[in-house]
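Please have the model open as you read.

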Amino acid sequence: MALERSDVEKIAHLARLQLREDEVEGYTQTLSDILALVDQLQAADTADVEPMAHPLDAVQRLRADVVSEDNQRELLQSVAPAVENGLFLVPKVIE
Amino acid sequence: MEWETVIGLEIHVQLATKTKIFSGSSTAFGAEPNTQACAVDLALPGTLPVFNENALRMAVMFGLAIDAEIGKRSVFERKNYFYPDLPKGYQTTQLAEPVVGRGHVDIERADGSTHRVRIHHAHLEEDAGKSLHEDFHGMTGIDLNRAGTPLIEIVTEPDMRSADEAVAFARTLHSLVTSLGICDGNMAEGSLRFDVNVSVRPKGTETLGTRTETKNLNSFRFMEEAIELEVERQIDVLESGGEIRQETRLYNGDTKVARAMRSKEEANDYRYFPCPDLLPIVIDDAYVEAVRATLPILPAQWKATFVEQYGLSDYDASVLSSNNVQAAYFDQVAKACGDGKLAANWVMGELAKHLNQHDTDIQASPVSAEQLGGLLERIKDNTLSGNIAKKVFEIMWQDGGSADEIIEAKGLKQVTDSGAIEQIVDQVIANNTKQVEQYQAAEPDKRGKMLGFFMGQVMKASGGKANPGAVTGILKQKLDALCD
């Protein structure tokens, strides 16, 4: 499956990657190559293979519902670019 | 043309765990901003999620309560999108293998008939933080206390046909999750949030119309208003030859106005994939059975018991069973006094009135079920009249104590002894000669009405303690004797 330029632009937008105009061509090619490899894998018969959710053959350990974290706001906000009244400040977002 | 409304719901239920779904931060409501947001919740590099066993248990409880298939193996996936209240850049949720599969919830329509709403599935996921768009020098403030709060998202089939049915479903679900104790049910704080999918189609056709989704309705009233408004809008658009766009809408309950939020054509492609930080969750039959053993009596079961055992009306049984604590309280009162209808009247009347006035709930009621049951027993055996019982209740509410203690201390025992009542009646007749003359002069069929005056006088003279039934009989007999 070969990608179009517009596919690459859309994928880049979804991942919030800013590609230079002259980079788009290269990504279109290399991403298409990866998809070609996937096409090759698709040819394998997987009828008897259970889909894999995780490469480790193990199951999730559970944690008891007990508060273990105390308030570390001051420490955690010391690395934030902007804070006010205990809030993290970010560039304005409004739908 | 006649139109049919088709409604499906997605409900976000905040689970009443102490800590977050993947971290040990507290989930208590109302804390100072970001004081309950640890490194995991903030998605700092190097942190890893560890799944909360209580969130799993509560999700399984819900699944069992709606008679659903329980996913013996469920998988967390990443739903990728960028928004500042979601620090990881993805929401950890479930998609292909949710913890709760197909189930159903039976609702009751206004006419008393039952309607089954199918549940497509329910999955575990994390809540996002909150964005505050007030003016922070042109910036947005972010509070991540809510980020990582465990949710189950419940998705129904499009099985509702009116706003009324949707609201009935919402109410039933609310009482179910609160009775299970898996959600505090506080809609104003966002503990239960409804998204409604609405479409219309010509009556008699099968194909579903294009739907819109109205998000984040946090009261039953807003939900009803939003659905009615949207149905009206869609019919207007279609009847004037337009087309419905698939879009997300927001309803403002204060201004009663809805607007489109974003259209689905430009919607994000969420690029789900299994979360490599979390292993599959595997549970066995023993686990499921252990959870089943902890299920409380559910509203539908309470209701059936109240109708069958105590002969309550459908309405009374619905009200009393809507909340588990209230249902158990009522059941105890009814058992103690042996009269379900009397117990229902008091729990829904005097008790509810006091709880309301003091802005408290039944859990914190100063009058226990045992105390109220004891009081009603004394109405049953004629020790107290209904009015005096209200006084005793008032004292109980203020100062505590059992009915018998209060009756003894205040000398409130009802007078049923006919000799004592006759004495009072004679006195009242002697003291009110004018009214007696009027009674004598009246047409016999008008006299019944005039009895009220004498009743009042006798009750007053007895300090409210005379048995009203006995007083009526004796009064009538004595007055009528004067008329011959």
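## Terms and model

A residue is called buried when its relative accessible area is under 20%, exposed when over 50%, and partly exposed in between, using a 1.4 Å probe and protein chains only. This is a predicted model, where local features need pLDDT of at least 70, side-chain atom pairs count only at pLDDT 80 or more, and totals for chains, interfaces and linings use all residues. Residues are numbered from 1 along each chain as its sequence is written, chains are lettered from A in the order in which they are written, and side-chain values use heavy atoms, without hydrogens or water.

B:Asn324 belongs to helix α7 of chain B (helices are DSSP runs of H or I, at least four residues, numbered from the N terminus). Because its relative accessibility is 16%, B:Asn324 counts as buried.

Beyond its neighbours within four places in sequence, B:Asn324 is in contact (heavy atoms within 4.5 Å) with B:Ser179, B:Pro296, B:Ile297 and B:Trp302. B:Leu298 is 26 residues away in sequence, with a C-alpha to C-alpha separation of 7.2 Å from B:Asn324.

## The second largest pocket

The second largest pocket holds about 1,800 Å³ of space. Among its 49 lining residues, B:Arg171, B:Ser175, B:Ser318, B:Ser321 and B:Ser322 are the closest to its centre. On a 1 Å grid over the protein atoms alone, a pocket is an open set of points with protein on both sides within 12 Å along at least five of seven lines, and lining residues have an atom within 4 Å of a point; the volume is the space filled by probe spheres set on the points.

Helix α2(B) gives the most to this lining, with 11 residues.

Methods
1 Å grid on protein atoms, 1.4 Å probe; cavity = no way out; pocket = protein on both sides within 12 Å on 5 of 7 lines; lining within 4 Å. Helix = DSSP H or I, 4+ residues; strand = E, 2+ residues; numbered from the N terminus.
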